[in-house]
Amino acid sequence: MFTPGVNLADSGDGKGQQYNTPEHVFKNLHTDFIIVGRGIYKAANAEEAAITYKNEGWKAYVNSLEKKVIQS
């Protein structure tokens with residue numbers, strides 16, 4: 001499953017968009033892939049933001065797997 005609207009800083013915008021953190025989408029929505037838009041292209045440094053999302057997304061993914069193994 002692909003989940004759009006992932007953002008580390010915002011909870012939403014003024015137009016009804018609701019954002020979710022990587023932790024939330026991997027743990028609660030059981031997503032396979034995160035889709036980040038504004039969190040990267042509106043950042044002061046898009047390259048740095050993309051790396052941050054990559055790292056935070058991977059960490060959240062691994063943490064979601066560890067919790068599934070423990071619960072089994």
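Residues are numbered from 1 along each chain as its sequence is written, and side-chain values use heavy atoms, with hydrogens and water left out. Because the model is predicted, local features need pLDDT of at least 70 and side-chain atom pairs count only at pLDDT 80 or more, while totals for chains, interfaces and linings use all residues.

**Aromatic pairs**

Searching the whole structure gives three aromatic pairs. Rings of Phe, Tyr and Trp (its six-membered ring) pair if their centres lie within 6.5 Å; planes under 30 degrees apart count as stacked, over 60 as edge-to-face and the rest as tilted. F26 and Y61 are edge-to-face, because their planes stand at 65°, with the ring centres 5.6 Å apart. This pair links distant parts of the chain. F26 sits in helix 1 (residues 22-27) and Y61 in helix 3 (residues 46-71), 35 residues apart. Helices (H or I, at least four residues) and strands (E, at least two) are DSSP runs, numbered from the N terminus.

Y61 also pairs with W58. Here the rings are tilted: 5.5 Å centre to centre, with 40° between the planes. W58 and Y61 are three residues apart in helix 3, so about one helical turn separates them. F26, W58 and Y61 form one aromatic cluster.

**Who is buried, who is exposed?**

Buried means under 20% relative accessible area, exposed over 50%, and partly exposed in between (1.4 Å probe, protein chains only).

| Residue | Relative accessible area | Class |
|---|---|---|
| F26 | 6% | buried |
| Y61 | 28% | partly exposed |
| W58 | 57% | exposed |

**The salt bridge**

Side chains of opposite charge can pair when their charged atoms come close. The whole structure holds one salt bridge (a side-chain nitrogen of Lys or Arg within 4 Å of a carboxyl oxygen of Asp or Glu). K59 and E56 form this bridge, at 3.4 Å from N to O. K59 and E56 are three residues apart in helix 3, so they are separated by about one helical turn. K59 is partly exposed at 42%, and E56 is partly exposed at 22%.

**A buried threonine**

T31 lies in the loop between helix 1 and strand 2 (33-34). T31 is buried, at 5% relative accessibility. A polar atom of its side chain lies 3.0 Å from the backbone oxygen of F33. Which residues does T31 contact, leaving aside neighbours within four places in sequence? They are M1, F2, T3, V25 and F26, where contact means heavy atoms within 4.5 Å.

Terms used. Polar contact = N/O pair within 3.5 Å; in protein donor to acceptor, adjacent residues only side chain to side chain.
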